[in-house]
Each structure stands twice: as C-alpha cells, then as structure tokens.
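Take a look at the model below. Start with the aromatic side chains, then turn to the pockets.

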Amino acid sequence: MNTGGFSTDVDLVLDRAGQLDGLSDTAQSIAKELADALAAAGQCWGTDSVGQSFASGYTDAAEATFELVKALPGQLSDVGGRLADHAHIHRSADQVIATGRPD
C-alpha cells in the first residue's frame, strides 16, 4: 500500500510476522532447557559463607533475567500477531482505496 507518503509491503510484513512464531517456539525451547538446567544445578554455590555471599549478589539478578527469558516466547508471539493484524488492516485499507469498497 502506498498513500500519502506511507508505504507498506503487506506480504513482507505478514512473512516476518509468521517468522516470529518460529522464533517464539525456539525461545520456548531455550527457556525450558534453561529451567531444566537451573533445576538440576540447584544451589550450586554451596551453603558456606562464601557461597552464601555469592548467592546474595547473584540470585536476584539471575531470577529477574530468567523471568525475562520465560516471558520472551509470549512477547514474540504477541508482536507477530499484532504485526499480522496491522498488515491485514493495511491490506483492507488499500482495497477500499482501490475499489471504493471493503473486501
């Protein structure tokens, strides 16, 4: 679509939106693999004072990062869905402009 200085390659946007589903699946696999590895490692820093000191400076940041990793698959799917929705809106608008009526 190309109107008023704006241009959208709807097919390209739809293609890229679809690719985000595959990336979401990959991110989901990575998050699961990481969760499994973390569960297997347990509190690997130990219970002595050095290990506990390390844990006090590490665990909050590690947990926050893990939460981001777990959220990524859903966020990628959400972005892909919104891109596809907008591409369809652009395509419909182009149809109306070209023919004077919706699909």
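Is phenylalanine 54 buried, partly exposed or exposed? The model is predicted, and in it phenylalanine 54 has a relative accessibility of 46%.

The centres of phenylalanine 54 and tyrosine 58 lie 5.0 Å apart, and their planes meet at 20 degrees. Planes under 30 degrees apart count as stacked, so this pair is stacked. Both residues sit in helix H2, four residues apart, which is about one turn of the helix.

A search of the whole structure gives two aromatic pairs. Tryptophan 45 and tyrosine 58 make an edge-to-face pair, with 5.9 Å from centre to centre and 65 degrees between the planes. This pair links distant parts of the chain. Tryptophan 45 lies in the loop between helix H1 (10–41) and helix H2 (49–99), while tyrosine 58 lies in helix H2, 13 residues away. Trp45, Phe54 and Tyr58 form one aromatic cluster.

Now the largest pocket. Its volume is about 290 Å³. The lining has 13 residues, and Trp45 and Tyr58 are among those nearest the pocket centre, together with Leu38, Ala62 and Glu63. H1 and H2 each supply at least two lining residues. H2 gives the most, with seven. By class, the lining of the largest pocket holds eight nonpolar, three polar and two charged residues.

Methods:
Residues are numbered from 1 along each chain as its sequence is written. This is a predicted model: local features need pLDDT of at least 70, side-chain atom pairs count only at pLDDT 80 or more; totals for chains, interfaces and linings use all residues. Side-chain values use heavy atoms; hydrogens and water are left out. Rings of Phe, Tyr and Trp (its six-membered ring) pair if their centres lie within 6.5 Å; planes under 30 degrees apart count as stacked, over 60 as edge-to-face and the rest as tilted. Buried means under 20% relative accessible area, exposed over 50%, partly exposed in between (1.4 Å probe, protein chains only). On a 1 Å grid over the protein atoms alone, a cavity is a set of points where a 1.4 Å probe fits but cannot get out, and a pocket is an open set with protein on both sides within 12 Å along at least five of seven lines; lining residues have an atom within 4 Å of a point. Grid points are joined across faces, edges and corners, and a volume is the space filled by probe spheres set on the points. Ala, Val, Leu, Ile, Met, Phe, Trp, Tyr, Cys and Pro count as nonpolar, Asp, Glu, Lys and Arg as charged, and the others, Gly among them, as polar.
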